[in-house]
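Hello,

Please find the structure below. My notes on it follow.

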Amino acid sequence: MAAGDVTGGAHFSTRDLVYIAILGAAWGLVETSLGTYLHALRVPFRGAVLTALGLLLALCGRVLIPRRGTVLMVGAVTAALRLLSVGAVLLSPLAAILIESLLAELVVWAWARPGRVAFALAGAAGTLGTVAHPFVTQGLVGGSGVIAVYGWLIESTARVLPLLGGVVWLLVVCAVGIPLALGIAAGLLAHDLGTRLQERLAH
Amino acid sequence: MRDLRLRGAGSVGVYGYACLLVWALVAPALLQGPRIYWVPCTVIAASWLTGTRRWRSLGDLRTWLLLAGLALVGAAAGGWGSGRPLQSALELPLRMVARALAVLLAADTFAGRVPVSDLAALGEGAGLGGLSFALGVAMNTLPVLERTAGRVWMALRLRGGLGRRPWRACSRLALTILALSLGRAQEIVEAAEARAFSPGRASVKGSAWKSGDLGLALGLALWTVALVLVG
């Protein structure tokens with residue numbers, strides 16, 4: 001079943017907004033509860049894991065509410081909740097949630113009737129945002145000086161590259177491949193879960 | 001102590017603080033040499049004059065670690081210890097630290113001074129209609145959702161946990177939690193409609209430019225021109 005766009009650009013109904021609110025709250029709950037554990041335990045790729053889970057919920061919403069803008073709205077609700085949560089007045093996670101949901105929204109926006117492929121691509125686009133996010137943040141905070149630092153790091157690494165060449169490539173492949181795989185899995189799961197939810201709520 | 005806040009500074013809103021944040025990001029690129037150190041000083045002065053008395057990030061160890069890290073990496077990249085004069089070797093790390101401090105403090109001021117309702121109104125103005133309503137519902141739903149998730153998880157554990165097929169159990173767990181939570185949607189819709197709420201008719205007062213916003217933006221623009229021209 002494809003999550004088609006029934007009324008592109010139309011206002012959301014009250015029911016749609018309530019669904020968006022519940023899914024946004026669920027993403028917020030994942031960020032604050034599971035996110036706290038993952039950050040405390042220093043789990044690798046925790047950002048990609050949290051983004052994948054969040055996009056799973058937001059894309060589920062896209063199946064339940066087949067209107068353009070749903071994924072971005074769920075992300076906006078989550079970002080606002082994140083801003084409200086105690087001790088988390090940081091713009092970086094807020095911007096990350098908004099950018100990731102915007103990337104996923106842009107992908108599903110391109111399809112009139114997004115199916116499994118569109119959902120997988122949307123999930124992948126969203127989680128790939130987590131790969132680019134640290135570089136964007138460092139660029140914003142450090143400015144053009146960061147380019148000089150990257151240049152120095154590349155030069156320094158190049159001196160020992162013959163020894164570490166294989167390891168560096170493996171790290172690069174992991175850094176991109178793992179978030180990508182998580183995003184694709186989240187998109188596909190969102191499509192299935194959303195369809196099952198739709199059937200269950202219809203009864 | 002006499003309050004030295006600017007007259008009308010209390011009327012600085014979301015646009016004013018956004019201008020300060022954008023200025024902190026853009027100004028360092030326009031200012032050469034030691035003039036960059038005016039950027040964090042200006043951000044501190046503007047934040048203080050608009051009522052900020054405490055910057056969260058300054059009390060956070062991570063901020064100082066970030067600044068120290070930038071200084072060390074910048075010094076290494078700037079050629080410190082490789083025979084370059086100390087002054088030129090330290091220029092890069094000091095510029096980076098000044099910029100980072102300005103951006104962090106401006107972001108801190110933005111996050112601390114702008115109410116979430118204003119941000120939601122800004123979102124509504126940007127085309128995310130119904131965001132304020134959805135945010136209100138989400139805030140009320142959060143504890144219910146937490147309880148529901150706790151109960152469903154407990155029920156699963158009492159039946160033997162995730163079992164031999166943890167993936168399938170997790171999928172069922174997520175489906176049950178979401179179905180139970182979304183099942184409550186009808187009650188919320190009826191409650192909202194009983195109060196005559198309709199998304200098409202709901203009028204959220206959008207954030208307008210305030211006199212303080214204009215004053216702050218104009219002041220920053222003039223100050224930038226002065227710094228660029230006079231130095």
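B:Trp223 is partly exposed, with a relative accessible area of 31%; here buried means under 20% relative accessible area, exposed over 50%, and partly exposed in between (1.4 Å probe, protein chains only). B:Trp38 is also partly exposed, at 42%.

Before the rest, the conventions. The model is predicted, so local features need pLDDT of at least 70 and side-chain atom pairs count only at pLDDT 80 or more, while totals for chains, interfaces and linings use all residues. Residues are numbered from 1 along each chain as its sequence is written, chains are lettered from A and ligands numbered from 1 in the order in which they are written, and side-chain values use heavy atoms, with hydrogens and water left out.

Aromatic pairs

Rings of Phe, Tyr and Trp (its six-membered ring) pair if their centres lie within 6.5 Å; planes under 30 degrees apart count as stacked, over 60 as edge-to-face and the rest as tilted. By this rule there are 3 aromatic pairs over all chains. One of them is B:Tyr15 with B:Trp209, where the ring centres are 4.9 Å apart and the planes stand at 5°, so the pair is stacked. This pair links distant parts of the chain, 194 residues apart: B:Tyr15 is in helix H1 (residues 14-30) of chain B, and B:Trp209 is in the loop between helix H8 (185-194) and helix H9 (211-229) of chain B. Helices (H or I, at least four residues) and strands (E, at least two) are DSSP runs, numbered from the N terminus. B:Tyr15 is partly exposed at 23% relative accessibility, and B:Trp209 is partly exposed at 45%.

The rings of B:Trp38 and B:Trp223 have centres 5.6 Å apart and planes at 85°, so this pair is edge-to-face. B:Trp38 belongs to helix H2 (residues 38-49) of chain B and B:Trp223 to helix H9 of chain B, so the contact ties together parts that are 185 residues apart in sequence.

Nonpolar patch on chain B

B:Val22, B:Val26, B:Leu30, B:Val225, B:Val228, B:Leu229 and B:Val230 make a nonpolar surface patch of about 660 Å². Patches are made of residues with over 30% relative accessible area and no salt bridge, with like charges joined within 9 Å and nonpolar side chains (Val, Leu, Ile, Met, Phe, Trp, Tyr) within 5 Å. Areas come from the Shrake-Rupley method with a 1.4 Å probe, and for residues only the protein chains shown count as cover. H1 and H9 of chain B are the elements that give two or more residues to the nonpolar patch. B:Val26 lies in helix H1 of chain B and is partly exposed at 44% relative accessibility.

Helix H7 (residues 166-183) of chain B has 18 residues and should span 26 Å at 1.5 Å a residue; its end C-alpha atoms are 25 Å apart, which agrees. The expected span is 1.5 Å times one less than the number of residues. Among the buried residues of H7(B) are B:Leu173, B:Ile177 and B:Leu178.

Salt bridges

The whole structure has 4 salt bridges over all chains, each being a side-chain nitrogen of Lys or Arg within 4 Å of a carboxyl oxygen of Asp or Glu. In one of them A:Glu31 meets A:Arg82 (3.5 Å, N to O). A:Glu31 lies in helix H1 (residues 14-40) of chain A and A:Arg82 in helix H3 (residues 70-84) of chain A, so the pair ties together parts 51 residues apart in sequence. Both A:Glu31 and A:Arg82 are buried.

A:Asp192 and A:Arg116 also form a salt bridge (2.6 Å, N to O). Here A:Asp192 is in helix H6 (residues 145-202) of chain A and A:Arg116 in helix H5 (residues 116-142) of chain A, 76 residues apart. A:Asp192 is partly exposed at 32% relative accessibility, and A:Arg116 is partly exposed at 39%.

Positive phi in chain A

Most residues other than glycine have a negative phi. A:Arg42 has a positive phi, near 55°, and A:Phe45 has one near 60°. A:Arg42 is in the loop between H1 and helix H2 (46-64) of chain A and is exposed, with a relative accessible area of 62%.

Regards
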